[in-house]
Amino acid sequence: MHIRTLRYALLSTLLFLGLSESAAADSLSPATYRTLEQVQTAMTDGDWSGADSVLEELIKDLNPGLGLALSYQMQAQIALAQERMTDAEQSLENALALDALPSDQQLNLSSNLAQIYLAGQERREQRTKKAESLLFKAIATAESQATAVPPSTFALLAICLQIQQRYGESIPWLNKAINTQAALQKLPEENWLVMLASALYQTKSYNKAAQALGQLTTLNPNNESYWLQRASMYQLLEQPQQQLAVLELAYSGGYLTQESSLIALAQLLIAQGVPERAARLLQQWLADNDKNLTVSDSEANMKLLATAWQLGREDDDAAIVLNQAAIKTNEPQLAFYAMQLAVRRSDCVAAEGFLSQAQELGLDSNKKGDGLLLVGGCAFDNGDKNTARRYFQQALGVAGSAVVAQQWLAYLPE
């Protein structure tokens, strides 16, 4: 956490007890009470230096007790305001060591000190362990005294454990944070659910991780990565239908926008035996007039569209797409594939056009011979002997196909 961010966060939560409440809890002498009021006024006015000077003198005169604990707490606030993190840390440690504040205040100070420990840049491993130990003790003490523990304190302990890569140990504390928040009729913090999903993934609890990610997609459906991560959990669980259901739900809600996400949906539709829907969606995304969801007309995407049409037994559409891709990418092999599809459906005229396109793009000689034989065979099957003879005669001039072409020509009547 950035030091400046931490400073403002702690200044907003590190609130000392009202002096009237403090006096009731453990009577302060009138002189101490008045001095603390003076310090409080100076702090409110932003006179941090003046408040600090008064506190230093007061601390010298006080015996251990509530007044001294309050003084250290105020001293920590002043240090935070001046970005003296080391001094703030020491003052909070001093205040907690006295064990003179009410249990809820001790707990809050422990949480604040733990955050300072975690923000330190030096000796991070040691400071993380200090934060963990401090929070364990503070939570145990609070619960033994029936003091309500804020959900954020449980989550902070989970952060300590996850920093140390002790993901499994962090899960119960995150669940406690989430459940306590729910008891307060509040939604869980988004980062708690992120941490929980991460910990469950790290411990290979993929089904529970999917559930946590499901909560995240409900809490913040516009975060596309939550949908993708949720779908990936079902992939790890080898539940492709659930994986597809998640992506379909995300798409129907308008939450899938990245090209990689859309392509993943199309690929899954094909894998799950719905190639026609994949093809229609890809065609829509590739269209120039679709400005909301678009995918690039890359070779890979065009091939995927062609595959979808082909698997959906729409060879005509597949061949057209392949030929378009061939022209765009200058790849003759794609036009050759289009020619093969045309031959398969006995559309010899289309096959001639696709073969011609492949040759213009530089189809290698071996493939050229194969193509001439295929188109010639298509024409022969359709009863067009003249066209068949023309292609077989061209194939004679290609070394790899000359023998077969000669056989065809010998078979054809004059």
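How many disulfides does the structure hold? One. Before I go through it, please keep in mind that this is a predicted model.

I'll start with that disulfide. The two partners are Cys 348 and Cys 378, and their sulfur atoms sit 2.1 Å apart. For anyone new to the term, a disulfide is a covalent bond between the sulfur atoms of two cysteines. Where do the two cysteines lie? Cys 348 belongs to helix 20, which covers residues 348-360, and Cys 378 belongs to helix 21, residues 365-381. The pair therefore ties together parts that are 30 residues apart in sequence. As for handedness, the torsion about the S-S bond is about -95°, so this disulfide is left-handed.

Are these cysteines buried or exposed? Cys 348 has a relative accessible area of 10%, and because the cut-off for buried is under 20%, Cys 348 is buried. Cys 378 is at 4% relative accessibility, so Cys 378 counts as buried too. One more cysteine to mention is Cys 160: its relative accessibility is 0%, so Cys 160 counts as buried.

Next, the core. The largest nonpolar core has 132 residues. Which of them touch the most other members? Leu 265, Trp 285 and Met 339 do. By element, helix 5, residues 66-81, gives the most to this core, with ten residues.

Let me stay with Leu 265 for a moment. If we leave aside its neighbours within four places in sequence, Leu 265 is in contact with Leu 244, Leu 247, Glu 248, Tyr 251, Leu 256, Leu 281 and Trp 285. Trp 285, on that contact list, was also named among the residues that touch the most other core members.

Tyr 234 lies in helix 13 and has a relative accessible area of 9%, so Tyr 234 is buried. Again leaving aside neighbours within four places in sequence, the contacts of Tyr 234 are Ala 210, Gln 239, Gln 242, Gln 243 and Val 246. Ala 209 is 25 residues from Tyr 234 along the chain, and their C-alpha atoms are separated by 9.6 Å.

Now a pocket. How much space lies in the second largest pocket? About 350 Å³. Its lining is made of 18 residues. Those nearest the centre are Leu 96, Asp 99, Gln 106, Ser 110 and Lys 137. Three helices each supply at least two residues of the lining: helix 6 (85-98), helix 7 (103-119) and helix 8 (124-144). Sorted by type, the lining has nine nonpolar residues, five polar ones and four charged ones.

Gln 284 is 178 residues from Gln 106 in sequence, and the two are 61 Å apart in space, C-alpha to C-alpha. Gln 284 sits in helix 16, residues 275-286. At 36% relative accessibility, Gln 284 counts as partly exposed.

Next, backbone angles. Most residues other than glycine have a negative phi, and most peptide bonds are trans. Ala 146 is placed in the loop between helix 8 and helix 9 (151-163). Its relative accessible area is 72%, so Ala 146 is exposed. Glu 238 also has a positive phi, near 55°. Glu 238 is in the loop between helix 13 (224-236) and helix 14 (240-252), and at 70% relative accessibility Glu 238 counts as exposed.

Ala 271 is in helix 15, residues 259-271, and is exposed, with a relative accessible area of 57%. Between Ala 271 and Pro 240 there are 8.8 Å in space, C-alpha to C-alpha, for a pair 31 residues apart in sequence. Asn 386 is in helix 22, residues 385-396. With a relative accessible area of 60%, Asn 386 is exposed. From Asn 386 to Val 375 the C-alpha to C-alpha distance is 12 Å, and the two are eleven residues apart in sequence.

To go back to where I began: the structure holds one disulfide, formed by Cys 348 and Cys 378. That is the end of my part.

Technical notes. Residues are numbered from 1 along each chain as its sequence is written. This is a predicted model: local features need pLDDT of at least 70, side-chain atom pairs count only at pLDDT 80 or more; totals for chains, interfaces and linings use all residues. Side-chain values use heavy atoms; hydrogens and water are left out. A disulfide is a pair of cysteine sulfur atoms within 2.5 Å. Helices (H or I, at least four residues) and strands (E, at least two) are DSSP runs, numbered from the N terminus. Buried means under 20% relative accessible area, exposed over 50%, partly exposed in between (1.4 Å probe, protein chains only). A nonpolar core is a set of buried Ala, Val, Leu, Ile, Met, Phe, Trp, Tyr and Cys residues joined through side-chain atoms within 4.5 Å. Contact means heavy atoms within 4.5 Å. On a 1 Å grid over the protein atoms alone, a cavity is a set of points where a 1.4 Å probe fits but cannot get out, and a pocket is an open set with protein on both sides within 12 Å along at least five of seven lines; lining residues have an atom within 4 Å of a point. Grid points are joined across faces, edges and corners, and a volume is the space filled by probe spheres set on the points. Ala, Val, Leu, Ile, Met, Phe, Trp, Tyr, Cys and Pro count as nonpolar, Asp, Glu, Lys and Arg as charged, and the others, Gly among them, as polar.
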